Amino acid sequence: MGLRMAQDAFDFIVIGAGSAGAVLAARLSEDPQVRVLLLEAGGKNTSVLVRMPAGVGTLIKQKSKHNWGFWSEPEPHMDGRRMWHPRGRGLGGSSAINGMVYIRGHARDYDQWRQMGLEGWSYGDVLPYFRKAEDYGGGKSEFHGAGGPLKVNWGEQSDHPLYRGIIKAGQQAGHKVTPDFNGADQEGFGRYQLTINDGQRWSAARGYLTPIVGTRRNLSVVTGARVHRIVVVNGRAVGVEYSLGQGKPVQSVRAGREVLLCAGAFQSPQILQLSGIGDPEKLKAHGIAPVHALKGVGENLQDHLDVTLNWACTQPISLYNEIRGLRQLKVGLQYMLTGKGTGRQNGLEAGAFLKSRPDLDRPDVQVHFVIAIMQEHAKVQVKRDGFTLHVCQLRPESRGRVGLASADPYADPSILTNFMGTEEDRRVVREGIRMARHVAGQDALAPYRGEEIWPGAAVQRDDEIDAWVRAKGETIYHPVGTAKMGLTSDPMAVVDKDCKVIGLEGLRVVDASVIPLLIGGNTNAPTIMIAEKIADVIRGREALAAVA
């Protein structure tokens, strides 16, 4: 992937080449009359680990050139633990290291945004942009798109006995089976669609940037560029200062039209604060002169807490059997040489959306089913065949925040999720664990189900489950909300419905940080949708026709 160095001035400067930034850079540079600069702090992400779906376990668990590897502050409701937060670094951002599950969320999620006053964000408004982005292997339909940059396909292991077993077990436990989590009805057990194409991860960079970088002369991409601040003059963002390494000279580049901040739910608020945009008292505490007061910057952090329940598998059919010992080396070599074999799969092709109470209007629990034993972000290796039910609470009441740990732009942000801060959050997780156990105990899994390894059958009472969740719960990598989209009358809103930073000209935030309420599902697809929609807003195009 060829790279061109920045000129002195561009029409648009996009900060961050992740799931939103890649989309904006590609869509805005479709107009040959505008010049676009894309700044990315990481590298090109051309490693086979990124390309190979099975590399996800390695990418998620360790800090690397692909993974920022942040740690939270001690979490008050999680035994004071500092919790691990992997975030993608390099072209594609977190779409280059995630689990490749393609989920949009529930239709009611977006209708609720509209009910909050955010015109243009109902489900009918956003569905055309999900479809625009998508190249769905099943073809164009009412709910799916064809021909878009983002390849979306069903997994290749539809006949695996464990995937078939978990869906049948869900049905036996009294749950629905849904043919398409992104279709008419999200609730129930079923198969996930994946951003995998012909055995390769299809990140936002792969879909949006790879076909154009080096061929569009009006698009410049600079990797290894750490942004120091956005320059604001007389109430307008006019440029960006960045450096190409710690201790390297600071470079300045001017934005003739807009600066588009797409650094994600942790780093977008960090960059705003480094630029003097945020709560003035918090900025002054770090020696930063306030430029524009917005108390909501870094607040409203929401994330999905996840707990993993593990069972032994009595037959050698899990991923462990395929990668144990020297077989792991064989998997990698086979993939690199032929593109075939176990490396083509993510091990996560089935799951569910369930309600913890029957009176709810939409599911509040998500299940990811993995045909291997996963503990602590794959950092703990359990050397035996098994399977995992991830139980994820979708609609947390708890709110956290992102702040500055230092005025040094090379420092990590300060993160506090405040997981499990309310009794309702704890109740939902407890109920999700009990539902998962009930499903795992059904006859359909009997030929494969061994003993419950984690947390173990002895953990049953509410207080025992709560203690285990405090000790072992983790993020499932869906932080949002730290530059909240809202009405200008909302004192905690950071951007308006067009993602413009309230009270400033020439600056938008376009990424998961603008999501006002966490959606019910994985967040990569919604982030891409948001960028597709705002790209049309910026270009002055009519919104795609809403679906009634």
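Trainee: Which residues are buried in H1?
Mentor: Please keep in mind that this is a predicted model. In H1, the buried residues are Gly-21, Ala-22, Val-23, Leu-24, Ala-25, Ala-26, Arg-27 and Leu-28. Helix H1 covers residues 21–28, and eight of its eight residues are buried.

Trainee: What about strand E14, is it mostly covered or exposed?
Mentor: Strand E14, residues 236–243, is mostly covered, with six of its eight residues buried.

Trainee: How many bridges does E14 form with E13, and in which sense do they pair?
Mentor: Strand E13, residues 226–233, pairs with E14 in the antiparallel sense over seven bridges. Within this pairing, Arg-229 stands opposite Glu-241 of E14.

Trainee: And what lies between those two strands?
Mentor: E13 and E14 form a hairpin with two residues between the strands, where Asn-234 takes a positive phi near 50°.

Trainee: Which residue of E15 stands opposite Glu-241?
Mentor: That residue is Ser-252. Strand E15, residues 251–261, runs antiparallel to E14, and four bridges join the two. Glu-241 therefore has Arg-229 opposite it as well as Ser-252 in E15, if one looks at both pairings.

Trainee: Let us change topic. What is the strand order in the open sheet of four strands?
Mentor: The order is E5-E9-E7-E6, and the pairing is mixed. Strand E5 (101–102) and strand E6 (134–136) are the edge strands, each pairing on one side only.

Trainee: How many bridges join E6 to E7?
Mentor: Three bridges join E6 to strand E7, residues 150–154, and these two strands run parallel.

Trainee: Which peptide bond is cis, and where is its proline?
Mentor: The bond from Trp-454 to Pro-455 is cis, with omega near 5°. Pro-455 sits in the loop between strand E24 (449–454) and helix H13 (462–472). As background, most peptide bonds are trans, and most residues other than glycine have a negative phi.

Trainee: Then what is the phi of Asn-300?
Mentor: Asn-300 has a positive phi of about 70°, although it is not a glycine. Asn-300 is found in the loop between strand E17 (292–293) and strand E18 (305–313).

Trainee: Is Asn-300 buried or exposed?
Mentor: Asn-300 has a relative accessible area of 16%, so it counts as buried, the cut-off being under 20%.

Trainee: And where is Asn-418 found?
Mentor: Asn-418 is in the loop between strand E23 (414–416) and helix H12 (423–440). Asn-418 has a positive phi of about 65° and is not a glycine. Asn-418 counts as buried, at 19% relative accessibility.

Trainee: One last topic. What is the volume of the second largest pocket?
Mentor: The second largest pocket has a volume of about 300 Å³. The pocket is lined by 14 residues, and Lys-44, Asn-45, Thr-46, Arg-206 and Thr-210 lie nearest its centre.

Trainee: Which helices contribute to that lining, and how do its residues divide?
Mentor: Helix H2 (48–51) and helix H7 (204–209) each supply at least two residues of the lining. The lining residues divide into five nonpolar, five polar and four charged.

How values were computed. Residues numbered from 1 in each chain as written. Predicted model: local features only at pLDDT ≥ 70, side-chain atom pairs only at ≥ 80, totals over all residues. Heavy atoms only, no water. 1 Å grid on protein atoms, 1.4 Å probe; cavity = no way out; pocket = protein on both sides within 12 Å on 5 of 7 lines; lining within 4 Å. Points joined across faces, edges and corners; volume = space filled by probe spheres on them. Nonpolar A, V, L, I, M, F, W, Y, C, P; charged D, E, K, R; others polar. Buried < 20%, exposed > 50% of the residue type's maximum accessible area, 1.4 Å probe, protein only.
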